[in-house]
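Here are a few friendly notes to read alongside the model. Take them one at a time, with the structure open beside you.

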Amino acid sequence: MTTPRKSTLLDLVRTVNAFAATEDEVVATVTYLINSGKVLLCGNFAGAKIDLTDPVGATPRERSPKA
């Protein structure tokens, strides 16, 4: 097993954003890296995981209709 990389959430998001095509791709990649343990957060979010379940009362994002 490889040793997980350590990063702040901000640095991780900035790095992934430099290579991702969309915001959804950034969210999916950052979530995977953190929740899989491949990246360990340090700083304010040390040890945190990302929960993508819908918060109570949240409205779904609007998506443009497919042509």
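1. How many nonpolar, polar and charged residues are in the lining of the largest pocket? Keep in mind that this is a predicted model. The lining has six nonpolar residues, two polar ones and one charged one.

2. Now for the names. V13, N17, E23, V26, V27, V30, T31, I50 and L52 line the largest pocket. Two elements, α1 and α2, each give two or more residues to this lining. The biggest share comes from α2, with five residues. The volume of the largest pocket is about 160 Å³.

3. Next, look at how the helices meet. Two packed helices are described by the angle between their axes and the distance between the axes. Here, helix α1 covers residues 9-17, and its axis comes within 10 Å of the axis of α2, crossing at roughly 130 degrees. An angle over 145 would count as roughly antiparallel and 65 to 115 as roughly perpendicular, so α1 is oblique to α2. The crossing of the two helices is right-handed.

4. Which residues of α1 and α2 make the contact? From α1 come L9, L12, V13, V16 and N17, while α2 brings V26, T29, V30, L33 and I34. Sorted by class, the residues of this contact are eight nonpolar, two polar and no charged.

5. Finally, pick out L33, a residue of helix α2, which spans residues 23-35. Leaving aside residues up to four places away in sequence, L33 touches L12, V16, K38 and V39. L12 and V16 belong to the α1 side of the helix contact, and L33 to the α2 side.

Notes: Residues are numbered from 1 along each chain as its sequence is written. This is a predicted model: local features need pLDDT of at least 70, side-chain atom pairs count only at pLDDT 80 or more; totals for chains, interfaces and linings use all residues. Side-chain values use heavy atoms; hydrogens and water are left out. Helices (H or I, at least four residues) and strands (E, at least two) are DSSP runs, numbered from the N terminus. Contact means heavy atoms within 4.5 Å. Axes are lines fitted to C-alpha atoms, for helices over the stretch in contact, and angles run from 0 to 180 degrees between N-to-C directions. Angles under 35 degrees count as roughly parallel, over 145 as roughly antiparallel, 65 to 115 as roughly perpendicular and the rest as oblique. A crossing is left-handed if the near helix is turned anticlockwise from the far one by less than a right angle, and right-handed if clockwise. Ala, Val, Leu, Ile, Met, Phe, Trp, Tyr, Cys and Pro count as nonpolar, Asp, Glu, Lys and Arg as charged, and the others, Gly among them, as polar. On a 1 Å grid over the protein atoms alone, a cavity is a set of points where a 1.4 Å probe fits but cannot get out, and a pocket is an open set with protein on both sides within 12 Å along at least five of seven lines; lining residues have an atom within 4 Å of a point. Grid points are joined across faces, edges and corners, and a volume is the space filled by probe spheres set on the points.
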